[in-house]
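The following note sets out numbered points for a colleague who will examine the coordinates directly. Each point takes up one part of the assembly.

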Amino acid sequence: MCLAIPVKLTSKEGIKGRVKIGSTEREVNLTLMPDARVGDYVLVHAGFAISKVEEKEAEELLELLSTVSY
Amino acid sequence: MRKVISLAHGNGGKLTQELIKDILLPCFNNPLLAPLTDSAIFEVNRTKFAFTTDSYVIKPLFFSGGDIGKLSVSGTINDLAVMGAKPIFISCGLIIEEGLPLSTLKKIVSSVEKTARYAGVSVITGDTKVVEKGSADGMFINTSGIGIVPSGINLSLERVEVGDRIIVNGTVGDHSVAVLSEREELGFSESVSSDCAPLYEMVEKLKPYWGNIKFMRDPTRGGVAGVLNEIVQNQSFGIKLQERNIPFREETTALCELLGIDPLYLANEGKILFFVEPEKAEQILQILHTHPLGKKSSIIGEVVARSPGKVYLETSIGTKRVLDMLIEDQLPRIC
Amino acid sequence: MKYISEFRDQKLAERLARRIARIAKDEGRKIKLMEVCGTHAMAILKYGIKELIPPSIKLLSGPGCPVCVTPNQYIDKACSYARKGFLIATFGDMLRVPGSKSSLIEEKSRGRKVKVVYSTMDALKLAKSLPEEKVIFLGIGFETTAPTVAASISAAKEEGMGNFMVLCGHKLIPPAMKALVETDEVKIDGFLCPGHVSVITGSRAYEFLARDYNIPCVVAGFEPLDILQGINLLISQIYRDEARVENEYTRVVTPEGNLKAGSLMRKVFNVSDSQWRGMGIIRQSGLSIAEDYSWYDVQTRYPIEVTSSEGKEGCRCGEVLRGLIEPRECALFGDICSPSHPFGPCMVSIEGACNIYYRFGYKRKTVK
């Protein structure tokens, strides 16, 4: 279960952050991700950032998948 | 059949169809109504007329890209436009809730006027009723419209055959997302703009190719997927859509991912699905691209022989899946 | 969209599918994988992944739809509170789920106060803006959602709010996986572990399954490439007779999980035995509100009793949730039970296996 999408954190004030979704914005709660930084992509579930999205890991996976042998 | 009316009876999906088939048609049935097209077509002194009616209930009354006034004119004009009819007159019936600020009413009425003027029609009759507080969400509007079907246009589902291409004149799902994200409990700022707009002018621009357009529908309630399902019902053909060719605005996609809803089932208020001859699809597309409301037009699918009565989607990863008719309204969800 | 569209690449998907097909063909052995999570089940059908996978690999849906495993009793209580005049704030998911007699959407249509919110924090705001109302938030969901509810309870306490409470029905996934394995009703060869639950628990939460029960586990994301790679890693382990926890979803899941979320959950909740629809009571598989926060626990502050009936005759949702049958093997599927006339919870929830199968065009299997 559990829908969550990666979005970019555009501002932060204490546990209150804002994320940008295209041209629209929404408040996001950072209680569970107090160390998130503006500019990070965070995974948002039910209005809360629950994890940072690691760019390096994402790139490495795509790299790995493009060399999968079959 | 359920014993009482639920909201889902009004969403354009399976229950709406049941309602029409089981309750309304047996009561009203006549040859002009029977085709269940967006407008009824009838002839007086060898002139073909189109006649349509629609009621508008929307919360909130004002949303990004429009309001109930603009919507009530656009929707009715578009129901005429998809029959190929040039709209000439509309009516405007207002059901107003006690307590509505006069300034709100003025704003909405002037939006009705402005949209009608833009679309080249006059509001020639109207009605006003006021109901007790709590009996309406601020305001409901009913509009009816009359149009003239010019010669040279011959639109009918019967003309649709395997190989025909399906074109949509721009991004899909924006209207519903605009309305949904405007609701305060979802907490979105500055939302996606609704696509709400009258489209006859765009249809008129396609005049050189009217003969090559076989059928048109506006994917309002039920969305692209819902309306295409209605179209293929009991037909000897199916429809295949290409996910990668369906235009979406990024924020519409994102909000839909976030709220767990499928934009293909969301209402559009400024879109037409054109069924066109394959040989002329590119030319028609080019003309649409020159119109401000058709810049992002795209050929999104075609009529196929396989799986009659079904709508298929070829997904972004090349697999196929059924796009069934919507059953319940989509609710924002988290899991 | 960044981190989404790249993982929907057709060429890479085809490449992975070909690899999976080749390995499966070489091995020939029939295997059963369980995607525990409803969001996985949904993505698998939405992207037509079943048609990319050879028939020797069977994908079973598991108990990971929080709405489906919530027992009637919980819904009955929520409806009962609504009838008593409380304002119910809930995720949209819960609205249509039938209890013994009623559902929240029915209560709403009768004029009771039921509001859909997107976040528990929005429910908190609602309570603040309506001080005369007693607001109950329906705390449903697994590890992904539970910390967000813990955060709102903790915030409510800090602000000394008096009119915000939670009806706590949270459940934990690893104990349910353990229960599935221990009942031994169905032989599961590998688990596709829920990506977003794992964001909180960390991938280590499944180590006991590999170590004690010898079952390969792969934590995977929800895009088609993630799921295909998850299957690829699982079958590679299975055919090599290995059993480890692997993490495909490293871009958001770490071995230890979200520690902050974990500690907040431990502060606000106690782990307790919990009733799962179709699975009975599972030891230590649920969360209840800890004593320090009992002021925010509606069941402590305003206890009510309801008489509930669990299950309807002929409904096989329990077996679907345990991976024993596919939805289309149920005699009611499609004809008697459909999303417009649902019989059981798996047909109601958008993430319920039956609803997903129905929507994506599956027909009932005819029994010979």
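1. Burial and extent of chain A. Of the 70 residues in chain A, 50% count as buried, a residue being buried if 20 or more other C-beta atoms lie within 10 Å of its own, exposed if 12 or fewer, and partly exposed in between, with C-beta atoms placed from the backbone. The model is predicted: local features need pLDDT of at least 70, side-chain atom pairs count only at pLDDT 80 or more, and totals for chains, interfaces and linings use all residues. Residues are numbered from 1 along each chain as its sequence is written, while chains are lettered from A and ligands numbered from 1 in the order in which they are written. The C-alpha trace of chain A spans about 45 × 25 × 25 Å along its principal axes.

2. Elements of chain A. Chain A contains one helix and five strands; helices (H or I, at least four residues) and strands (E, at least two) are DSSP runs, numbered from the N terminus. Their order from the N terminus is β-β-β-β-β-α. With a radius of gyration of 14 Å, well over the 11 Å that the globule rule gives for 70 residues, chain A is more spread out than a compact globule. That radius is taken over C-alpha atoms, and the rule is 2.2 Å times the number of residues to the power 0.38.

3. Strands β1(A) and β2(A) run antiparallel and are joined by five bridges; two strands pair if DSSP finds at least two bridges between them. A:Ser11 has A:Arg18 of β2(A) as its bridge partner. Two residues lie between the strands of this hairpin, where A:Gly14 takes a positive phi near 65 degrees. Between β2(A) and β3(A), also antiparallel, there are six bridges, and here A:Arg18 has A:Glu27 as its bridge partner. This second hairpin has two residues between its strands, and A:Gly22 in the turn has a positive phi of about 60 degrees.

4. Contact between chains A and B. Here 13 residues of chain A are in contact with 17 residues of chain B, contact meaning that C-beta atoms, placed from the backbone, lie within 7 Å. Strand β3 (residues 24-29) of chain A gives the most to this side of chain A, with four residues. The side divides into six nonpolar, four polar and three charged residues; Ala, Val, Leu, Ile, Met, Phe, Trp, Tyr, Cys and Pro count as nonpolar, Asp, Glu, Lys and Arg as charged, and the others, Gly among them, as polar. Strand β3(A) also pairs with strand β9 (residues 188-189) of chain B in the antiparallel sense over two bridges, with A:Glu25 opposite B:Ser189.

5. Contact between chains A and C. In this interface, 29 residues of chain A are in contact with 42 residues of chain C. The largest share of the side of chain A that touches chain C comes from α1(A), with six residues. That side comprises 20 nonpolar, seven polar and two charged residues.

6. The sheet of chain B. Five strands of chain B form an open sheet in the order β1-β2-β7-β5-β6, with mixed pairing. Its edge strands are β1 (40-44) and β6 (122-131) of chain B, each pairing on one side only. Strands β5 (residues 86-97) and β7 (residues 139-149) of chain B pair in the antiparallel sense over eight bridges, and B:Gly93 stands opposite B:Asn142 in β7(B).

7. Helix α4 of chain C. Why is α4(C) described as largely enclosed by the rest of the structure? Nine of its 12 residues are buried, so α4(C) is largely enclosed. Among the buried residues are C:Tyr74, C:Asp76, C:Lys77 and C:Cys79. The elements covering the buried residues of α4(C) include β3 (87-90), α5 (104-109) and α13 (298-301) of chain C. Just after α4(C), C:Gly85 takes a positive phi of about 100 degrees.

Key
Two residues are in contact if their C-beta atoms, placed from the backbone, lie within 7 Å.
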